Amino acid sequence: MQSVDKNDVNISKLFVWKKRYDIEGINGEDKLSVWIRVVGDADLNKARVYALRKSAELRKAFKEDDSYARLIYLSDMSDIPEDNIIQLILVASATYVTRQALEVVQTPYPVEPNSDADLELMEKFQSEVDGWAQKRNDDLKKYIEEQLEKIEKELKSKTKDELVKEYEKLVIASACENEMIKSFREMCVFYACYLDENLTEHLFQNFEDFENLPEFYKKQFVDLYREVEINTDELKK
(Lines give C-alpha, C1' and ligand atoms only; values in the text may rest on other atoms or scores of the structure.)
Protein backbone atom coordinates (compact mmCIF):
# COMPACT_ATOMS: atom_id res chain seq x y z
CA MET A 1 0.00 0.00 0.00
CA GLN A 2 1.46 3.32 -1.08
CA SER A 3 1.96 5.98 1.56
CA VAL A 4 3.76 9.31 1.67
CA ASP A 5 3.31 10.29 5.30
CA LYS A 6 7.00 10.23 6.11
CA ASN A 7 7.15 13.01 8.66
CA ASP A 8 4.59 11.70 11.13
CA VAL A 9 6.62 8.68 12.26
CA ASN A 10 6.70 8.33 16.03
CA ILE A 11 9.54 5.94 16.85
CA SER A 12 8.42 5.73 20.47
CA LYS A 13 5.63 3.40 19.29
CA LEU A 14 8.26 0.76 18.63
CA PHE A 15 8.89 0.50 22.36
CA VAL A 16 5.30 0.54 23.64
CA TRP A 17 4.89 -3.19 24.07
CA LYS A 18 2.58 -3.25 27.09
CA LYS A 19 -0.04 -0.96 28.60
CA ARG A 20 -2.61 -0.97 31.38
CA TYR A 21 -6.29 -0.63 30.50
CA ASP A 22 -9.59 -0.60 32.34
CA ILE A 23 -12.23 -2.95 30.97
CA GLU A 24 -15.66 -1.38 31.34
CA GLY A 25 -18.45 -3.37 32.96
CA ILE A 26 -21.82 -3.82 31.31
CA ASN A 27 -23.42 -1.42 33.78
CA GLY A 28 -20.76 1.20 33.04
CA GLU A 29 -19.50 1.21 36.62
CA ASP A 30 -17.54 -1.94 37.37
CA LYS A 31 -14.06 -1.99 35.87
CA LEU A 32 -11.28 -4.54 35.58
CA SER A 33 -7.67 -3.36 35.30
CA VAL A 34 -5.67 -5.48 32.89
CA TRP A 35 -2.22 -5.31 31.33
CA ILE A 36 -2.06 -5.99 27.61
CA ARG A 37 1.20 -6.71 25.82
CA VAL A 38 2.14 -7.10 22.18
CA VAL A 39 2.22 -10.82 21.48
CA GLY A 40 5.62 -12.31 20.64
CA ASP A 41 6.52 -14.44 17.64
CA ALA A 42 5.93 -17.80 19.33
CA ASP A 43 2.41 -16.90 20.46
CA LEU A 44 1.70 -15.19 17.13
CA ASN A 45 2.50 -18.43 15.36
CA LYS A 46 0.16 -20.35 17.68
CA ALA A 47 -2.56 -17.79 16.96
CA ARG A 48 -2.03 -18.15 13.20
CA VAL A 49 -2.24 -21.95 13.39
CA TYR A 50 -5.44 -21.74 15.44
CA ALA A 51 -6.96 -19.20 13.04
CA LEU A 52 -6.14 -21.30 9.97
CA ARG A 53 -7.71 -24.36 11.58
CA LYS A 54 -10.90 -22.43 12.37
CA SER A 55 -11.05 -21.10 8.82
CA ALA A 56 -10.54 -24.60 7.45
CA GLU A 57 -13.34 -25.93 9.66
CA LEU A 58 -15.75 -23.33 8.30
CA ARG A 59 -14.69 -24.02 4.70
CA LYS A 60 -15.29 -27.73 5.24
CA ALA A 61 -18.73 -26.99 6.67
CA PHE A 62 -19.69 -25.14 3.48
CA LYS A 63 -19.14 -28.35 1.51
CA GLU A 64 -21.81 -30.17 3.48
CA ASP A 65 -25.41 -29.88 2.30
CA ASP A 66 -27.75 -28.24 4.83
CA SER A 67 -24.80 -27.37 7.06
CA TYR A 68 -25.04 -24.48 9.52
CA ALA A 69 -22.60 -22.54 7.37
CA ARG A 70 -24.72 -22.79 4.23
CA LEU A 71 -27.89 -21.95 6.14
CA ILE A 72 -26.33 -18.86 7.71
CA TYR A 73 -24.32 -17.44 4.82
CA LEU A 74 -25.95 -18.67 1.61
CA SER A 75 -29.46 -17.74 0.50
CA ASP A 76 -31.72 -19.53 -1.94
CA MET A 77 -31.04 -17.81 -5.26
CA SER A 78 -33.63 -19.66 -7.35
CA ASP A 79 -36.06 -16.71 -7.49
CA ILE A 80 -33.44 -13.97 -7.87
CA PRO A 81 -33.01 -12.54 -11.41
CA GLU A 82 -29.62 -12.93 -13.07
CA ASP A 83 -29.02 -9.17 -13.17
CA ASN A 84 -29.48 -9.00 -9.41
CA ILE A 85 -27.05 -11.86 -8.88
CA ILE A 86 -24.51 -10.03 -11.04
CA GLN A 87 -24.87 -6.94 -8.87
CA LEU A 88 -24.40 -9.04 -5.73
CA ILE A 89 -21.22 -10.49 -7.21
CA LEU A 90 -19.91 -7.04 -8.10
CA VAL A 91 -20.54 -5.80 -4.57
CA ALA A 92 -18.81 -8.87 -3.15
CA SER A 93 -15.89 -8.40 -5.57
CA ALA A 94 -15.36 -4.74 -4.68
CA THR A 95 -13.38 -5.53 -1.53
CA TYR A 96 -10.90 -7.73 -3.38
CA VAL A 97 -10.55 -5.33 -6.30
CA THR A 98 -9.95 -2.43 -3.92
CA ARG A 99 -7.31 -4.41 -2.06
CA GLN A 100 -5.65 -5.24 -5.37
CA ALA A 101 -5.74 -1.60 -6.40
CA LEU A 102 -3.94 -0.52 -3.23
CA GLU A 103 -1.17 -2.99 -4.04
CA VAL A 104 -0.66 -2.43 -7.77
CA VAL A 105 -1.65 1.15 -8.50
CA GLN A 106 1.29 3.53 -8.22
CA THR A 107 0.85 7.29 -8.16
CA PRO A 108 4.30 8.90 -8.45
CA TYR A 109 4.95 11.41 -5.70
CA PRO A 110 6.22 14.82 -6.86
CA VAL A 111 10.01 15.11 -6.91
CA GLU A 112 11.24 17.90 -4.67
CA PRO A 113 13.39 20.49 -6.47
CA ASN A 114 16.90 21.29 -5.33
CA SER A 115 17.23 23.69 -2.42
CA ASP A 116 18.46 26.43 -4.78
CA ALA A 117 15.49 26.11 -7.18
CA ASP A 118 13.66 29.31 -8.02
CA LEU A 119 10.45 30.28 -6.25
CA GLU A 120 8.13 29.44 -9.13
CA LEU A 121 9.45 25.87 -9.29
CA MET A 122 9.01 25.46 -5.53
CA GLU A 123 5.45 26.77 -5.80
CA LYS A 124 4.71 24.25 -8.54
CA PHE A 125 6.13 21.43 -6.42
CA GLN A 126 3.99 22.43 -3.44
CA SER A 127 0.90 22.60 -5.62
CA GLU A 128 1.59 19.07 -6.87
CA VAL A 129 2.09 17.87 -3.30
CA ASP A 130 -1.21 19.44 -2.25
CA GLY A 131 -3.02 17.68 -5.07
CA TRP A 132 -1.31 14.31 -4.71
CA ALA A 133 -3.92 12.77 -2.40
CA GLN A 134 -6.75 13.59 -4.81
CA LYS A 135 -4.72 12.25 -7.74
CA ARG A 136 -4.07 9.08 -5.79
CA ASN A 137 -7.78 8.65 -5.11
CA ASP A 138 -8.59 9.28 -8.78
CA ASP A 139 -6.05 6.66 -9.90
CA LEU A 140 -7.47 4.11 -7.49
CA LYS A 141 -11.05 4.87 -8.50
CA LYS A 142 -10.21 4.52 -12.19
CA TYR A 143 -8.54 1.15 -11.66
CA ILE A 144 -11.38 -0.19 -9.52
CA GLU A 145 -14.05 0.93 -12.00
CA GLU A 146 -12.16 -0.61 -14.94
CA GLN A 147 -11.72 -3.93 -13.16
CA LEU A 148 -15.37 -4.10 -12.08
CA GLU A 149 -16.46 -3.33 -15.65
CA LYS A 150 -14.35 -6.24 -16.89
CA ILE A 151 -15.85 -8.54 -14.27
CA GLU A 152 -19.39 -7.42 -15.14
CA LYS A 153 -18.77 -8.07 -18.84
CA GLU A 154 -17.54 -11.59 -18.08
CA LEU A 155 -20.48 -12.27 -15.77
CA LYS A 156 -23.04 -11.35 -18.40
CA SER A 157 -21.83 -14.25 -20.54
CA LYS A 158 -22.44 -16.82 -17.78
CA THR A 159 -25.51 -18.93 -17.09
CA LYS A 160 -27.52 -18.47 -13.91
CA ASP A 161 -26.08 -21.64 -12.41
CA GLU A 162 -22.57 -20.34 -13.09
CA LEU A 163 -23.45 -16.99 -11.53
CA VAL A 164 -24.79 -18.66 -8.39
CA LYS A 165 -21.61 -20.72 -8.06
CA GLU A 166 -19.50 -17.59 -8.54
CA TYR A 167 -21.45 -15.74 -5.88
CA GLU A 168 -21.23 -18.65 -3.44
CA LYS A 169 -17.48 -18.84 -4.06
CA LEU A 170 -17.08 -15.18 -3.08
CA VAL A 171 -19.30 -15.50 -0.02
CA ILE A 172 -17.38 -18.54 1.19
CA ALA A 173 -14.03 -16.83 0.64
CA SER A 174 -15.17 -13.76 2.56
CA ALA A 175 -16.67 -15.78 5.42
CA CYS A 176 -13.54 -17.89 5.83
CA GLU A 177 -11.29 -14.85 5.75
CA ASN A 178 -13.40 -13.10 8.39
CA GLU A 179 -13.37 -16.24 10.54
CA MET A 180 -9.60 -16.44 10.24
CA ILE A 181 -9.10 -12.78 11.21
CA LYS A 182 -11.57 -13.01 14.10
CA SER A 183 -10.00 -16.20 15.46
CA PHE A 184 -6.48 -14.82 15.12
CA ARG A 185 -7.29 -11.62 17.00
CA GLU A 186 -9.14 -13.44 19.75
CA MET A 187 -6.29 -15.89 20.29
CA CYS A 188 -3.85 -12.97 20.40
CA VAL A 189 -5.99 -11.43 23.16
CA PHE A 190 -5.82 -14.70 25.09
CA TYR A 191 -2.02 -14.63 25.04
CA ALA A 192 -1.74 -10.86 25.57
CA CYS A 193 -3.73 -10.18 28.75
CA TYR A 194 -2.26 -10.19 32.26
CA LEU A 195 -3.39 -9.17 35.72
CA ASP A 196 -0.03 -7.72 36.77
CA GLU A 197 2.48 -5.25 35.37
CA ASN A 198 5.26 -7.84 35.44
CA LEU A 199 3.22 -10.04 33.09
CA THR A 200 3.42 -13.15 35.21
CA GLU A 201 -0.27 -13.87 35.87
CA HIS A 202 -2.45 -14.52 32.83
CA LEU A 203 -5.94 -13.06 32.89
CA PHE A 204 -7.40 -16.10 31.14
CA GLN A 205 -6.48 -19.55 32.40
CA ASN A 206 -7.62 -21.15 29.14
CA PHE A 207 -9.08 -19.98 25.85
CA GLU A 208 -12.55 -21.17 26.81
CA ASP A 209 -12.58 -18.50 29.53
CA PHE A 210 -12.31 -15.86 26.82
CA GLU A 211 -14.67 -17.61 24.40
CA ASN A 212 -17.42 -17.72 27.02
CA LEU A 213 -17.31 -13.98 27.67
CA PRO A 214 -20.27 -11.85 26.50
CA GLU A 215 -19.62 -10.12 23.19
CA PHE A 216 -19.60 -6.77 25.04
CA TYR A 217 -16.34 -7.76 26.75
CA LYS A 218 -14.79 -9.57 23.80
CA LYS A 219 -15.04 -6.48 21.64
CA GLN A 220 -13.32 -4.35 24.27
CA PHE A 221 -10.40 -6.77 24.57
CA VAL A 222 -9.95 -7.09 20.80
CA ASP A 223 -10.14 -3.32 20.25
CA LEU A 224 -7.64 -2.65 23.04
CA TYR A 225 -5.21 -5.25 21.74
CA ARG A 226 -5.36 -3.72 18.27
CA GLU A 227 -4.56 -0.36 19.87
CA VAL A 228 -1.45 -1.80 21.51
CA GLU A 229 -0.23 -3.50 18.36
CA ILE A 230 2.32 -1.70 16.21
CA ASN A 231 0.59 -0.60 13.04
CA THR A 232 2.20 -2.40 10.08
CA ASP A 233 2.23 0.65 7.83
CA GLU A 234 3.80 2.80 10.55
CA LEU A 235 6.46 0.17 11.18
CA LYS A 236 7.30 0.03 7.46
CA LYS A 237 7.73 3.81 7.39
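Modeller: Let's begin with confidence, since this is a predicted model. Among the elements of the chain, α5 has the highest mean pLDDT, 97, while helix α9 (residues 232-236) has the lowest, 45. Over the chain the average is 88, and 89% of the residues score at least 70. Go carefully with residues 3-7, where the pLDDT is below 50 and the model shows 4 contacts beyond near neighbours in sequence. Residues 12-16 are also below 50, and that stretch has 6 such contacts.

Now for the helix I'd pick, α3, which runs over residues 82-104. With 23 residues at 1.5 Å a residue, α3 should span 33 Å, and its end C-alpha atoms are 31 Å apart, so the two values agree. Along the way α3 does bend, by about 35 degrees at A94. Its buried residues are I85, I86, I89, L90, S93, V97 and A101. What covers them includes α5 (132-155) and α6 (160-192), and that α5 is the element with the highest mean pLDDT.

For a comparison, take α8, residues 215-228. Its 14 residues should span 20 Å at 1.5 Å a residue, and the end C-alpha atoms are 20 Å apart, so that agrees as well. On α8 the buried residues are K218, Q220, F221, V222, L224, Y225 and V228. The cover over them includes helices α6 and α7 (207-211), along with strands β1 (18-24), β2 (31-37) and β3 (193-194).

Conventions
Residues are numbered from 1 along each chain as its sequence is written. This is a predicted model: local features need pLDDT of at least 70, side-chain atom pairs count only at pLDDT 80 or more; totals for chains, interfaces and linings use all residues. Side-chain values use heavy atoms; hydrogens and water are left out. Helices (H or I, at least four residues) and strands (E, at least two) are DSSP runs, numbered from the N terminus. The expected span of a helix is 1.5 Å times one less than its number of residues. The bend at a residue is the angle between axes fitted to the seven residues ending there and the seven starting there. Buried means under 20% relative accessible area, exposed over 50%, partly exposed in between (1.4 Å probe, protein chains only). Contact means heavy atoms within 4.5 Å. pLDDT is the predictor's confidence in each residue, from 0 to 100.
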